[in-house]
Amino acid sequence: MSYRIPVGDVIESGINFLVEHLSFATKACSVVVEASLRFLEKGMVAIPEPIFILLSGLIVWRLTRERNLGLFAVLGLALIWNMGLWAATMSTIALVFVATLFAIMLGIPIGIFTAVNKVAYRIIMPTLDIMQTMPAFVYLIPAIPFFGLGKMAAIFSTVIFSMPPAIRMTCLGIRQVPLDLVECAEAFGSSRWQRLVKLELPLARSTILAGVNQTVMLALSMVVIAAMIGAKGLGGEVWKAIQRLQMGRGFEAGIGIVIVAIILDRVLQKAGKRKQ
Amino acid sequence: MVVLLRNGGMISGDLMSKIVVESLYKIFGPSPDVALAMLKEGKGKDDIMEKTRHGVGVNNASFSIEEGEIVVIMGLSGSGKSTLVRCLNRLIEPTEGTVHIDGQDITTMSPDELRELRQSKLGMVFQNFALFPHRTVAENAAYGLEIKGVDAEIRREKAFEALELVGLKGWEEVYPSQLSGGMQQRVGLARALALDPDVLLMDEAFSALDPLIRRDMQDELINLQEKMRKTIVFISHDLDEALKLGDRIILMKDGKIVQIGTPEEILMEPANRYVERFVEEVDISRVLTADSIMQKVLAVAHLGTDGPRAALRKMKNHGISSLFVLGRDHTLMGVVSADQAAHLIEIGETDLSPIICTDLKTVLPDTPAQDLFPIMHDLAYPLAVVDSSNRLKGVIVRGTLIAALAERKGA
């Protein structure tokens, strides 16, 4: 009766084992990623704010073909600048960008593999369910021993947290290609690869982009949480405000996050719908 | 010895026919062995479903299809016709039996050989068109060639040619969603034709189209076939369509082939009650032609050799009241009636010529039965069926026509 199943111990010793044997690689990785992240951030900050703001507005307008959204981007970013959150916002955007890039580069191929391989489907789908129900904070803990406190740890946990929708939607997009089209591709003698490239991926495009949109949104929310392990940025501002009970400062940073989220979401949604 | 002989016979048959299907079975389910054994014992489809949870798709199908022939496989939904046609290109794996195409057994082919076969010999057209929505009409038509690895230039050229053949010139750059159903299926047909395959598999290709368009497409397929001479396997649940298109018809029920025959054999000699019930619903008068209703000519008079007495005797012998008269070269000259022949005898005339009525109505053998009614309506004599050089092939009396129709309808 007093026997306690050592779930936690097993996981911990497993992770310790990995840390022991892999940390040289992960640490090296974190040096490279942090350097490139810093480079990206520096570049963004180097652009004079007014030019950056106007340029963003223009790009948003061109991409979505909605003048109001372009206007919103200009006003929103101007507000962020005015609130003195510019550097933090750039840092957050850079972090989201890099994390999303990793999540998509891993997630889409895994999604494709999941869709074409039955065994992979049976293993990966429940794993995704677990990953998505696990509280986000839990991913922060193993990130620290692998990468140490800082941005790489934040990116790592963000990638883990935001990847599932990319995998899931890619897989869904491919599997929902109508059966008669698949049959037709087969009847004309397509190989599996041809079927994937010429039929399934083009038809799954909008579903995959919807997955990418979700990934970006999740990355944005995780980057804020990851402030607890040294991600800084807008999340860092919120985190500071919590510790000092600065209500106003906290909300300002929160509004900054909302503005960035709205702009990213709308632009990505439009990208998914276009050409349909 | 006997087996050897039979095998020898089979092999030569394989070489002759385009497609040879032998003892083909398809059982759906994870372990078909038990179900297959039950099926061979003669158990029914429902019985097997209940006991083994396995579905019977095709049950012991054997037939062969000749080059250049249109064979329509027909049956109600669930009769296994779509399954059978998919066994021909192995979109569905047969459980047992063989399919030879050009003498090659496709059931033992490796995946690569099979792909190569599909790319080179087997075009397929689908019920719901199955066009790729993200590709233009031309790109759709070029799909097979693209898969085959044909140069972009050449495949575009061939796709354009195929589209022109099906009457879609000028529509190459639009997307399928911008086309009507009939036009979409033309794209489907062009996609199959662009590959220039030997065999076209058409799975209910026209069933999703509305009746007028369907008829147009059928006519067009017949026209195309006259130019192309492909081997076509056409699936249909519509007997009218089958009768119109098919050189031969394979009728299926519950996965089994019930009858194989020409349209007329199916109509005139239904193999069993099931076929009869199918046939009953056909508008017979549209399908039957003069030559399938006509009767043998019992007797004729030959101009010059037969006088009135001979003519009258022939009529009496056969219990008929008029007699067709043929000329020297056996062409139809006219008709004489018994009354007039008797009159000639009375006045002592020995030549038939004065009483021959040359104002005759004749029809060609392929005239549809429905066109016969107005012609027959006020005809004093039987209707003569003649070939294109005016030789008498048979006769139709009104009674025969009505009887032929009534017999089919009431069967």
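Biologist: How many helices and how many strands does chain A have?

Modeller: In this predicted model, the elements of chain A, read along the sequence, follow the pattern α-α-α-α-α-α-α-α-α-α-α. The count for chain A is therefore 11 helices and 0 strands.

Biologist: What share of the residues in chain A is buried?

Modeller: The C-alpha trace of chain A spans about 65 × 60 × 35 Å along its principal axes. Of the contacts in chain A with a separation of 6 or more, 76% are between residues 24 or more positions apart. A residue counts as buried if 20 or more other C-beta atoms lie within 10 Å of its own. Among the 276 residues of chain A, the buried share is 41%.

Biologist: UniProt lists the feature "transmembrane region" in chain A; how far apart are the end C-alpha atoms of residues 95–116?

Modeller: The unreviewed UniProt entry places this feature at several spans of chain A, including 45–63 and 95–116. Residues 45–63 of chain A are 89% helix and 0% strand, with end C-alpha atoms 23 Å apart. Residues 95–116 of chain A are 100% helix and 0% strand, and their end C-alpha atoms are separated by 32 Å.

Biologist: Which helix gives the most to the side of chain B that touches chain A?

Modeller: The contact takes 15 residues from chain B and 14 residues from chain A. On the chain B side, α5 (111–120) and α7 (143–148) each supply at least two residues. By class, that side has 7 nonpolar, 5 polar and 3 charged residues. The most, 4 residues, comes from α5(B).

Biologist: What distance separates the centres of domain 1 and domain 2 of chain B?

Modeller: Domain 1 of chain B comprises 17–102 + 199–206 + 215–282, and domain 2 of chain B comprises 291–407. Separately, the unreviewed UniProt entry carries the annotation "domain: ABC transporter" for residues 43–279 of chain B, a span that is 43% helix and 22% strand. Taken over C-alpha atoms, the centres of domain 1 and domain 2 of chain B are separated by 43 Å.

Biologist: In the open sheet of β11, β12 and β13 of chain B, which are the edge strands?

Modeller: The order of the sheet is β11-β12-β13 (chain B), with mixed pairing. The twist averages 35° from one strand to the next. Two strands each pair on one side only, and these edge strands are β11 (300–302) and β13 (332–337) of chain B.

Biologist: Which residue of β12(B) stands opposite B:A301?

Modeller: Strands of a sheet pair through backbone hydrogen bonds, either parallel or antiparallel. Here β11(B) and β12 (residues 322–326) of chain B run parallel and are joined by 3 bridges. Opposite B:A301 stands B:V325.

Biologist: At what angle does helix α17 of chain B run to β13(B)?

Modeller: Helix α17 comprises residues 338–346 of chain B and lies across β12 and β13 of that chain. Its angle to β13(B) is about 80°.

Biologist: Is B:R229 buried or exposed?

Modeller: B:R229 is found in the loop between α10 (211–228) and β8 (231–236) of chain B. Its phi is near 55°, a positive value in a residue other than glycine. Because B:R229 has 12 C-beta neighbours inside 10 Å, it counts as exposed.

Biologist: How many other C-beta atoms lie within 10 Å of B:N390?

Modeller: B:N390 has its place in the loop between β15 (383–386) and β16 (392–396) of chain B, and its phi, near 65°, is a positive value in a residue other than glycine. B:N390 is partly exposed, and the number of other C-beta atoms within 10 Å is 15.

Terms used
Residues are numbered from 1 along each chain as its sequence is written. Chains are lettered from A and ligands numbered from 1 in the order in which they are written. This is a predicted model: local features need pLDDT of at least 70, side-chain atom pairs count only at pLDDT 80 or more; totals for chains, interfaces and linings use all residues. Two strands pair if DSSP finds at least two bridges between them. Axes are lines fitted to C-alpha atoms, for helices over the stretch in contact, and angles run from 0 to 180 degrees between N-to-C directions. Two residues are in contact if their C-beta atoms, placed from the backbone, lie within 7 Å. Ala, Val, Leu, Ile, Met, Phe, Trp, Tyr, Cys and Pro count as nonpolar, Asp, Glu, Lys and Arg as charged, and the others, Gly among them, as polar. Domain bounds come from an automatic or database domain assignment. UniProt positions are given in the numbering used here, feature names are shortened, and annotations may be inferred rather than shown by experiment.
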